[in-house]
Amino acid sequence: MILRNLKFALNSAWQSFWRNLAVSLAAVVSITLILVLAGVNLLVGHALSQVLDGFRAKVSEISINVSDDTPLQNVYDFQQQLVADPRVSNVKFITKDEALARFKSDPQNSVLAQQIEGNPLDAKLEVRVANLGDVAAIDTLGRRWSGVDPTDPTNYQGDFVNRMLQLSSWLSLAGVGLLLILLVVSVVIVMNTIRTAVYHRRKEIEVMKLVGATEWFVRGPFVIEGIMTGLIAASIALGLLVVAYPPAVDRFKSDIGFIPLNYDPAFISSLASDLLLAGALLGALGSYIGVRRYVRI
Amino acid sequence: MLLTPDFDTRPVISFQHVHKTYPTGTEALRDINLEVPEGDFLFLVGPSGAGKSTLVRLLIREEKPTKGKIFVDGVELGRMKRRKLPYYRRKVGLVFQDFKLLPNLTVYENVAFALRVLGEPDSRIQSRVAEALDTVGLSAKDHTYPSNLSGGEQQRVAIARALVHAPRFIIADEPTGNLDPATAWEIMQLFLRINARGATVVMATHNREIVDLLRRRVVAIDAGQVARDDRSGRYHDDFAKSQVRA
């Protein structure tokens, strides 16, 4: 019986979609545009988070410069102290020679490296901090250590990190806000489409109710129609995004080179499931709300 | 003060001190007491605006009484949960003055609709629709659309739809209101046949000739009250007030 009812609902939804083609298409186009916007929002958000992840990895590592006259034992002790600290995930000791070798191996420093006499570089402890919020505390610890180079203690730039963190949280908040607005707008669009469909079929609904159809039997076709509208819109939006994503990334890269944005094909599949799910849910929710008031027995 | 005649059978429909006042303040029904035994054929008569339609709407639970109780088959309609309502409506066959057929469905599909809604299998739908159309004499027109049928034929389709799920009650609101006298008479014959098979029929009507000719139970509603309840009555009470036990 459930299968038969489902068949009836599917048929009925399909017929209704085509019978009110103009309204259905208007809804599909509007929701497609909204989902494209939502998709762009997700893609930009994803790109930003990739950039931020790289940035986080960089800033969660600080170098504590070791003064030249610090005894090696003192350095090892401090290293042990840091390793034992739960906030620290990894500590690496770079000797003066290693620091110099590293400096020379960077092609950007080739001219400068030729002019260097002796070794002006400090040995350093490279500390990877597990949680970005604890970097400042580890920095303070390093600066208070007796063996630190007083003229250039660490490479930590607290202000910059804090500002970037704040910016990223604002950006993600704005992204979520925009997504919410887009979702509400598309629910309203589906709602109105379904209301039009309900209006066109009010006689049929009246008869259904009089002959003893349950509320869900009456509602089902409209909810399915809403889901159909949402899924069609999501597929079109997804198609547009898949086609436009790679060239957009290329364009962005050539225009704003310093932000390391990359084409991420894995993200497309997660975007696909997100958009289709969102389309179906928006359609279902919009039509449920749209039909609820009118289909009460 | 009960106005109902005594019946041997247990009533399947029972109105107990029913009042209905619409939110606009219109008092449509006042202290209605009425009992309908199983298998009865009852005419509701009275001038327009007397409250007949309100009574029908209460009976199919499109409205709830403001005061009082309505029992149908032992269930109090005013207290019935909304989700139970479809199952109640399945026990009832409804026929209206304006037929309420779906114009985009054929005769067959219109009748089948009442069974589709119940989730019946196609094979059962086919045989029962064929039977119902045979009863109303429209087997030959099963693929016709309502717009190509006469008023009488459309009402027959509506009756077939009301019959097809074998309801225990038929509630008809002015079923002959849009029909010429000859057609109205044919439609009445159908209702009598359905009643003879055991279904209880409650019919609101303005059709004086038919009521007078059939001499069935007549309940006259006037100004929202039961003015008269005769076991084999006429449309107008010719013996004037002597028989009105009000």
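In chain B of this predicted model, strand S1 (residues 11-21) and strand S4 (residues 67-72) pair in the antiparallel sense, with five bridges between them. Within this pairing, B:Ser14 stands opposite B:Phe71 of S4(B). S1(B) also pairs with strand S2 (residues 27-37) of chain B, again in the antiparallel sense, over seven bridges. B:Pro11 has B:Pro37 of S2(B) as its bridge partner. S1(B) and S2(B) form a hairpin in which five residues lie between the strands. In the turn of this hairpin, B:Gly25 has a positive phi of about 100 degrees.

Chain B also contains an open sheet of six strands, arranged in the order S6-S7-S8-S3-S9-S10, with mixed pairing. Its edge strands are S6 (92-96) and S10 (225-230) of chain B, each of which pairs on one side only. On average, and with direction ignored, neighbouring strands of this sheet are turned by 15 degrees against each other. Within the sheet, strand S3 (residues 41-45) of chain B runs parallel to strand S9 (residues 217-222) of chain B, and four bridges join the two. One of the residues involved is B:Phe43, whose bridge partner in S9(B) is B:Val218.

Two helices of chain B lie across strands of this sheet. Helix H5 (residues 151-163) of chain B lies across S6 and strand S7 (169-173) of chain B, and runs at about 165 degrees to S6(B). Helix H6 (residues 181-196) of chain B lies across S3, S7 and strand S8 (200-204) of chain B, with an angle of about 150 degrees to S8(B).

The axes of H5(B) and H6(B) come within 10 Å and cross at roughly 15 degrees. H5(B) and H6(B) are therefore roughly parallel to each other, and H5(B) passes H6(B) in a right-handed crossing. On the side of H5(B), the contact is made by B:Gly151, B:Gly152, B:Gln155, B:Ile159 and B:Leu163. H6(B) contributes B:Thr183, B:Glu186, B:Ile187, B:Leu190 and B:Ile194. By class, five residues of the contact between H5(B) and H6(B) are nonpolar, four are polar and one is charged.

H5(B) also packs with helix H3 (residues 107-116) of chain B, at an angle of about 30 degrees and with the axes 7 Å apart. Because of this angle, H3(B) is roughly parallel to H5(B). The crossing of H3(B) and H5(B) is right-handed. The contact of H3(B) with H5(B) has six nonpolar residues, one polar residue and one charged residue.

Between the chains, 16 residues of chain B are in contact with 16 residues of chain A. Helix H2 (85-89) and H3 of chain B each supply at least two residues of the side of chain B that touches chain A. The largest share of this side, four residues, comes from H2(B). By class, the side of chain B that touches chain A has 10 nonpolar residues, one polar residue and five charged residues.

In chain A, helix H2 (residues 21-59) and helix H7 (residues 158-200) pack at an angle of about 165 degrees, with their axes 10 Å apart. H2(A) and H7(A) are therefore roughly antiparallel to each other, and their crossing is left-handed. The residues of the contact of H2(A) with H7(A) comprise 19 nonpolar, 10 polar and no charged.

The predictor gives the complex an ipTM of 0.79 and a pTM of 0.69. Chain B has an average pLDDT of 88, and 92% of the residues score at least 70. For residues 1-7 of chain B, pLDDT stays under 50, and the model has 13 contacts beyond four places in sequence for this stretch. pLDDT also stays under 50 over residues 239-246 of chain B, for which the model has six contacts beyond four places in sequence. Where pLDDT is low, the predicted coordinates should not be read in detail.

Methods: Residues numbered from 1 in each chain as written. Chains lettered and ligands numbered in written order. Predicted model: local features only at pLDDT ≥ 70, side-chain atom pairs only at ≥ 80, totals over all residues. Pairing = 2+ DSSP bridges. Axes fitted to C-alpha atoms, helices over the stretch in contact; angles between N-to-C directions. Contact = placed C-beta atoms within 7 Å. pLDDT = per-residue confidence, 0-100. Parallel < 35°, antiparallel > 145°, perpendicular 65-115°, else oblique. Left-handed = near helix turned anticlockwise from the far one by under 90°. Nonpolar A, V, L, I, M, F, W, Y, C, P; charged D, E, K, R; others polar.
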